[in-house]
Amino acid sequence: TEFPFGFFSKYASYETDDRFIVYPKLVRNIAFSEILRRGERNVPLAVKGRGESFWGMREFTLGDSPKSIAWKSSARQGRLMIRETEQESEKKIWLDMGAASEWMALSAEQTDAALSCGVSFLEWMFHQGYAVGLTFENNAFRPAANRYQLRSIYEFMAGFYAKTAQETARGKSTFVDGESVDLLALWKGTN
């Protein structure tokens with residue numbers, strides 16, 4: 001430890017047969033909000049369901065949530081009325097790692113920096129309420145808004161080797177069904 005003054009360092013080393021996964025470094029000081037222009041709200045689907053946009057009014061029935069009661073309309077009608085809302089789509093984003101040939105042109109330090117930028121971006125988008133996904137040629141992690149998904153993506157990125165990826169690549173991914181961000185362009189935009 002270097003606490004409190006950083007005068008001394010102490011460490012211990014030992015041999016082990018255990019294997020460890022080292023994730024790319026999270027970089028907290030990248031201002032992704034200045035780089036990206038994303039909508040803050042979910043998108044209405046024009047279907048009745050859970051959401052914030054007004055859909056219509058109907059009479060209260062057994063099993064309805066009391067939180068949905070429209071008290072002013074109920075007072076005017078003389079009976080309990082429910083405010084229905086419009087279903088909204090989940091905010092989701094794909095991080096597209098691009099082609100293996102683009103990664104082959106990067107040095108090891110540049111590859112680490114680009115992967116760190118990607119991990120940091122996914123973490124930031126996750127905390128903004130987005131379901132996050134990743135695509136790289138023939139590999140895809142569909143967007144999901146849970147920590148298990150992030151861990152799966154981070155493990156893929158931790159084991160990423162451009163040379164191996166190029167040998168196993170079968171072409172551009174066609175999995176993306178929503179908004180996509182190019183990782184290498186994002187990384188270059190943060191430098």
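In this predicted model, arginine 58 is partly exposed, at 28% relative accessibility. The closest N and O atoms of glutamate 84 and arginine 58 are 2.8 Å apart. Because glutamate 84 belongs to strand S3 (residues 81-88) and arginine 58 to strand S2 (residues 54-59), this pair ties together parts that are 26 residues apart in sequence. Arg58 and Glu84 are also linked with Asp64 in a network of salt bridges.

The count of salt bridges comes to five. Three of the pairs are set out below.

| Glutamate 84 | Arginine 58 | 2.8 Å |

Glutamate 59 lies in strand S2 and arginine 79 in the loop between H2 and S3, so the pair connects parts that are 20 residues apart in sequence. Glutamate 59 is partly exposed, with a relative accessible area of 44%, and arginine 79 is partly exposed at 39%.

The pair of glutamate 155 and arginine 151 lies within helix H5, the two residues being four apart, about one turn of the helix. Glutamate 155 is partly exposed at 35% relative accessibility, as is arginine 151 at 43%.

Helix H2 (residues 71-77) contains serine 73. Serine 73 counts as buried because its relative accessibility is 18%, under the 20% limit. Apart from neighbours within four places in sequence, serine 73 is in contact with Met57 and Met81.

An open sheet of mixed pairing is formed by four strands in the order S6-S5-S4-S7. Strands S6 (139-144) and S7 (179-182) stand at the edges with a single partner strand each, so one side of each has no neighbour in the sheet. From one strand to the next, the twist averages 20 degrees. Strand S5 (residues 131-136) pairs with S6 in the antiparallel sense over four bridges; phenylalanine 136 has asparagine 139 in S6 as its bridge partner.

Two helices pack on this sheet. Helix H5 (residues 147-158) touches S5 and S6, and its direction makes about 25 degrees with that of S5. H7 touches strand S4 (92-96) and S7, at about 55 degrees to the direction of S7.

Within helix H7 (residues 183-190), the buried residues include Leu183, Leu184, Leu186 and Trp187. These residues lie on the same side of H7 because they cover an arc of only 160 degrees around the axis. The N-terminal end of H7 is capped by aspartate 182, which places a side-chain oxygen 2.9 Å from the backbone nitrogen of leucine 184.

Key:
Residues are numbered from 1 along each chain as its sequence is written. This is a predicted model: local features need pLDDT of at least 70, side-chain atom pairs count only at pLDDT 80 or more; totals for chains, interfaces and linings use all residues. Side-chain values use heavy atoms; hydrogens and water are left out. Buried means under 20% relative accessible area, exposed over 50%, partly exposed in between (1.4 Å probe, protein chains only). The arc is that of the directions from the helix axis to the C-beta atoms. A polar contact is a pair of N or O atoms within 3.5 Å; within protein, one must be able to donate a hydrogen and the other to accept it, and residues adjacent in sequence count only if both atoms are side-chain atoms. Contact means heavy atoms within 4.5 Å. Two strands pair if DSSP finds at least two bridges between them. Axes are lines fitted to C-alpha atoms, for helices over the stretch in contact, and angles run from 0 to 180 degrees between N-to-C directions. A salt bridge is a side-chain nitrogen of Lys or Arg within 4 Å of a carboxyl oxygen of Asp or Glu.
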